[in-house]
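Please look at the chain before reading on.

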Amino acid sequence: KTLHLICAARPNFMKIAPLYRALKNEAWCIPEIVHAGQHYEYKMSQAFFDDFRLPPAHHYLGGGSKTHAEQTAQTMIAYEKLCLEKRKPDLVVVVGDVNATLACSISAKKIHLPVAHLEAGLRSFDRTMPEEINRLVTDSISDYFWTPSKDADDNLKREGVPLDRIRMVGNIMIDTYCMMKEKIESSEKYKIFGLKKKEYIVLTLHRPVNVDVKEKLEGIIHKVGQIDLPIIFPVHPRTYKSLKAIHPLPQNLALCPPLGYIDFMSLVSNSAYVISDSGGIQEETTYLSIPCFTLRDTTERPVTVTVGSNQLISANNVLEKIKHPKTGAIPPLWDGKTSERIISSIKEILE
Ligand code: UD1
């Protein structure tokens, strides 16, 4: 049986890595990595393949930076072509909520291929987020739904997904962390930046709503500049476009290029706390009991707030909120065994 694991952007690579590794050990299947190329620079893509020791993608769909429609359309065309011209996979696995998740699930369904969505059911209920549209459309046509938490199951049930199609498998990102734990713990990246353990903050920003308008980004930067701790800020390429027009930058802010997985997780796990607008970092900090302050009005990962260490904040209240960090607990099935549960689900599907 051939399985396609679809990836395109940085947050996807860590989701397919533990699954690919686990599937590779199964005699009954051939997992193939399909890279749609939304992230293409070394630091945004190959660095993760290197860290996770993944082979080069079996299929590369082109990709690059384009408008949403162009990127989605181009990926749909390239993926349809791949499936029609080479052997069709027995199952298409799409992960997360990037444009390729949407594009490949549409192309696959139109040629009657079964689609499983890993990280199904998450909802921010904010349709101005491109990722929310990707999640809604993907879940409206997928056949199998692997969810990380009960809230995701509830969303899918409310949307009419039959119960026997939903399987709460837990959080695949925790498998990734467990797989890389030793290397993360032996990397002391913070020392290279001259930082002291638990005496610095990690900042990441890349959501269009926070970074595309210079004044909005400037407001955030100005506020975090007033925090009395050094801040290490790995800058996403999207953010860099607006950030380079902001002068002067606060003195407590140290910028660096995007980091690989091991270096980034090492910085996070030794930090006092994290300020971010990312999706995945809310989950990783929850698992590590590191306080996380998420600069967003909504989250599609509410369990990180209700159970975990995450709090939603705004640029206006960041200075007040950081006085009350929380560590929280780890949600059920975030245990490093999600790949195992997915494999048993795939076996049932393909039987
Ligand atoms: C995408 C995902 C988002 C995810 C994020 C993680 C969608 C809709 N959004 O957002 O869910 O959290 O990735 O990083 O799929 N760029 C480079 N080099 C690269 C990649 C991108 O310079 O290797 C530039 C592009 O030119 C573009 C900008 O970065 O202008 C944003 O990239 P894009 O992939 O379109 O969206 P993200 O903001 O990264």
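How many residues of domain 1 are in contact with how many of domain 2? The contact involves 17 residues of domain 1 and 15 residues of domain 2, where contact requires C-beta atoms, placed from the backbone, within 7 Å.

**Basis and confidence.** The model is predicted: local features need pLDDT of at least 70, side-chain atom pairs count only at pLDDT 80 or more, and totals for chains, interfaces and linings use all residues. Residues are numbered from 1 along each chain as its sequence is written. The mean pLDDT (the predictor's confidence in each residue, from 0 to 100) of the protein chain is 97, and 100% of its residues reach 70 or more. For the complex, the predictor gives an ipTM of 0.90 and a pTM of 0.96.

**Domains.** The domain assignment, whose bounds come from an automatic or database source, gives domain 1 as 2-170 + 334-350 and domain 2 as 181-321. Their C-alpha centres lie 26 Å apart. On the side of domain 1 that touches domain 2, α1 (10-24) and α2 (46-51) each supply at least two residues. The largest share of that side comes from α2, with 3 residues. By class, that side has 9 nonpolar, 2 polar and 6 charged residues; Ala, Val, Leu, Ile, Met, Phe, Trp, Tyr, Cys and Pro count as nonpolar, Asp, Glu, Lys and Arg as charged, and the others, Gly among them, as polar.

An unreviewed UniProt entry lists residues 22-347 as "domain: UDP-N-acetylglucosamine 2-epimerase". UniProt positions follow the numbering used here, feature names are shortened, and annotations may be inferred rather than shown by experiment. The end C-alpha atoms of residues 22-347 lie 13 Å apart, and the span is 42% helix and 14% strand. Helices (H or I, at least four residues) and strands (E, at least two) are DSSP runs, numbered from the N terminus.

**Sheets.** Two strands pair if DSSP finds at least two bridges between them. An open sheet of 7 strands runs in the order β3-β2-β1-β4-β5-β6-β7, with parallel pairing. Its edge strands, β3 (59-60) and β7 (166-168), each pair on one side only. Helix α4 (residues 99-110) packs on this sheet and touches β1 (2-7), β4 (91-95) and β5 (115-118). The direction of α4 makes about 160 degrees with that of β4; axes are lines fitted to C-alpha atoms, for helices over the stretch in contact, and angles run from 0 to 180 degrees between N-to-C directions.

A further open sheet has 6 strands in the order β10-β9-β8-β11-β12-β13, again with parallel pairing. β10 and β13 (310-312) stand at its edges with a single partner strand each, so one side of each is left without a neighbour in the sheet. Neighbouring strands of this sheet are turned by 20 degrees against each other on average, direction ignored.

Most residues other than glycine have a negative phi, and most peptide bonds are trans. The peptide bond from H247 to P248 is cis, with omega near -15 degrees. P248 sits in the loop between α11 (237-243) and β10 (253-256). K198, a residue other than glycine, has a positive phi near 65 degrees. The place of K198 is the loop between α8 (189-192) and β8 (201-204).

How values were computed. Contact = placed C-beta atoms within 7 Å.
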